[in-house]
Amino acid sequence: MNRLAIPKTYKLYIGGKFPRSESGRVYEVLSHKGAFLANAAKGSRKDARDAVVAARSALGGWAGATAFNRGQVLYRIAELLEGRRVQFIDEITSCEGVTAAVASAQVDEAIDRWVWYAGWADKYVQVAGNANPVSGPFFNLSVPEPTGVVAIIAPQGGESLIGLVSAIAPALVAGNTVVVVANENAPLSAISLSEVLATSDVPGGVVNIVTGSPAEIAPWLASHADVNALDLVGAGNLDWVELQISAADTLKRVLPPESGADAAAPELSRILAFTELKTVWHTKAIL
Amino acid sequence: MKFLDYAPAPESQALLNLKSDYGLFINGDFTAGRGTPFQTINPATEQQIAMIATANEADVDAAVSAARHAYDGVWSRLSGSDRGKYLFRIARLVQERARELAVAETLDNGKPIKETRDVDIPLVAAWFFYYAGWADKLDHAGAGPNPASLGVAAQVIPWNFPLMMLAWKIAPALAAGNTVVLKPAETTSLTALLFAEILQQADLPAGVVNIITGDGSTGQALVDHPGVNKVAFTGSTAVGRSIARSIAGTEKKLSLELGGKGANIVFDDAPIDQAVEGIVRGIFFNQGHVCCAGSRLLVQESIHDDVIDRLKQRMQTLRLGDPLDKNTDIGAINSAEQLARIRELSDLGQQEGAERWSADCVIPENGFWFAPTIFTNVSTSHRIARDEIFGPVLSVLTFRTPAEAIAKANNTPYGLSAGIWSDKGSRILAVADKLRAGVIWANTFNQFDPSSPFGGYKESGYGREGGRQGLAAYLKPAVRSGSRSIVAAPATTPETKKSASAKKAAK
């Protein structure tokens, strides 16, 4: 006799915890064939705001962690993702309707992107910053620092796990904390990734994942005064120009939507997009 | 004249050869604007200096197409070293005509001649020298090999450092291979038009730089023009916001250098006399018309009275008056509008309960003037502690611990500049780490250099000017082809567990 399986309740990931949506709403996640897979939480404005509060409170610790430490934590994510690849292949296969081999290649790429970005944590400052030979008795140094709280609309089509990882990993490298709205139709790997994050020494609140309707949630994040940057990579089908206009009220840094297989491709420029260059002039004594 | 008074020492205006009317500089020539001309006045006397043309939408269109034509036909095809040579020429011409430019700037802007002569104009030349050398080294600018220019850059600049802001904008844009349409501020167009004459002397190809004058509506038309690839703006946060809104959804690249409310933090171990000089330089340099001014003084409670006493003493020696006088420290406020704003916010400071003190100085009869002023007993909620005054007005707050100083310094939507005064190196480094500002001066203030990136955090804008990073605002990476996945790239294929075990099995 076959054992009756225990299905998982898919919830949000906010502040290191797994709450249901405060609104009590869920929406059906269907397989590519239209079969019921799960009831995912349908995040609300309040959930998004709670996530921003969690991201803001986690910022000091994550931005203040040593670069080596951030690199270690990001690498740890890759390790744990590797260990749970079967689960991800399973979810991707059912959500996206691809073969196990294709799903497996997606998980490979996602893991390798974590590793690639993990390696940048203690290097991007050296590549993007420098000493400046100013005319005068000063020691002058420019270094990039994290921008702060980054709100991300994850890619909504294509490969759901790669899309999510490619959007959040570069923001984390520099020490930003993120609030990400997951792929609406294929949210399962996002929710499962939150379980990986929760067990990877990523401090609670550093990554907050909200499932639900990006069209509903994105405007609240774009206009939120405590959000410093907005990555619209997956907002191509939303009214993203309105989101960008709304983000201008507090002069958020904004990345535009991208589409196709190369959306959010791994690049140093994605790390630097959410950094601020700080230049410090130190007076030298005249001996 | 009393004992120890200074005799007047005005710089001569004889070397100026100004025209009575200035047109728009489009496609290498001066042409009449189609809008209504306006007068530019000397803010120290309210006398007219010259009439300036107004560019209407048709003029903006002509300037953008001249820039496009020059980009497609000449500038984008020129080698980096040739672009650099033009910039070197411009730098030298600025040096040759430095005194003339300094006098014209002081006349038009109202800032003291010692500042235009020793700061503004030397930095203009230095900026062109610095970026001239970059033009043929763009592979090392940080955007990867063979970076591409953006096209036509629309640049709108403020009135506080007219020619210097022009140099900050034009030098990196041209070095990176872009062409330019620049609009100076309405009240300070004069030196930009003298600069256009320099471009003619340098024989810069027609249309590479176009200078159009007018008010905010000219700037808006330029920023909104669909033929523009890049917008660079320095000015108020309010205007910066509206530009960010108006370019939303377009391909235009944007950099913004906006307002500030810089904290100048003085710890109890600071060398007080040097700190006082730094406070003066931070807020009274250029009449406080400085976006990165140290307009909030955060002084440790234990030394508050001492610092304020010495500061007041020092402020009594500041000489306010004729900007052309070589001994003048405080010149004229740039415009009647700005003076009204400074007065309004200062009056508000008094109404909200802060204690006002101004240096005792004779205010000239004509022109726009505001005596150097400090407010003590200011609390963080006061308007004068929150709003950018953009004038010679300092708000003094106190703190007890470094943590409180950092919290107060960061308690603003702005994030452009900050200062730290302390003799303890480890404390300076720790505090500098925690301040959310793009430029931090430790035991100094208001230093600028073409090699040093400048720009803000938060609502002080984004993008950097100066340094290697200043080029990034005018470059994009070369187009890449092929898949960008990490796994698929053959040379870097990592050995996954799976393939490792597959290999084992094969053995």
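In this predicted model, 36 residues of chain A are in contact with 38 residues of chain B, where contact means that C-beta atoms, placed from the backbone, lie within 7 Å. On the chain A side, the elements that give two or more residues are α4 (100-120), β4 (138-146), α9 (240-247) and β10 (275-283). Helices (H or I, at least four residues) and strands (E, at least two) are DSSP runs, numbered from the N terminus. With eight residues, β10(A) gives the most to this side. The side divides into 15 nonpolar, eleven polar and ten charged residues; Ala, Val, Leu, Ile, Met, Phe, Trp, Tyr, Cys and Pro count as nonpolar, Asp, Glu, Lys and Arg as charged, and the others, Gly among them, as polar.

β10(A) also runs parallel to strand β18 (residues 439-442) of chain B, joined to β18(B) by four bridges. Two strands pair if DSSP finds at least two bridges between them. Here H282(A) stands opposite A442(B).

Within chain A, five strands form an open sheet in the order β7-β6-β5-β8-β9, with parallel pairing. Its edge strands, β7 (207-210) and β9 (253-255), each pair on one side only. From one strand to the next, the twist averages 15 degrees. Four bridges link β6(A) (residues 177-181) with β7(A), and V179(A) stands opposite N208(A) in β7(A).

Two helices lie across this sheet. Angles run from 0 to 180 degrees between N-to-C directions, with axes fitted to C-alpha atoms, for helices over the stretch in contact. Helix α8 (residues 214-223) of chain A lies across β5, β6, β7 and β8 (229-231), at about 150 degrees to β6(A).

Residues are numbered from 1 along each chain as its sequence is written, and chains are lettered from A and ligands numbered from 1 in the order in which they are written. As the model is predicted, local features need pLDDT of at least 70 and side-chain atom pairs count only at pLDDT 80 or more, while totals for chains, interfaces and linings use all residues.
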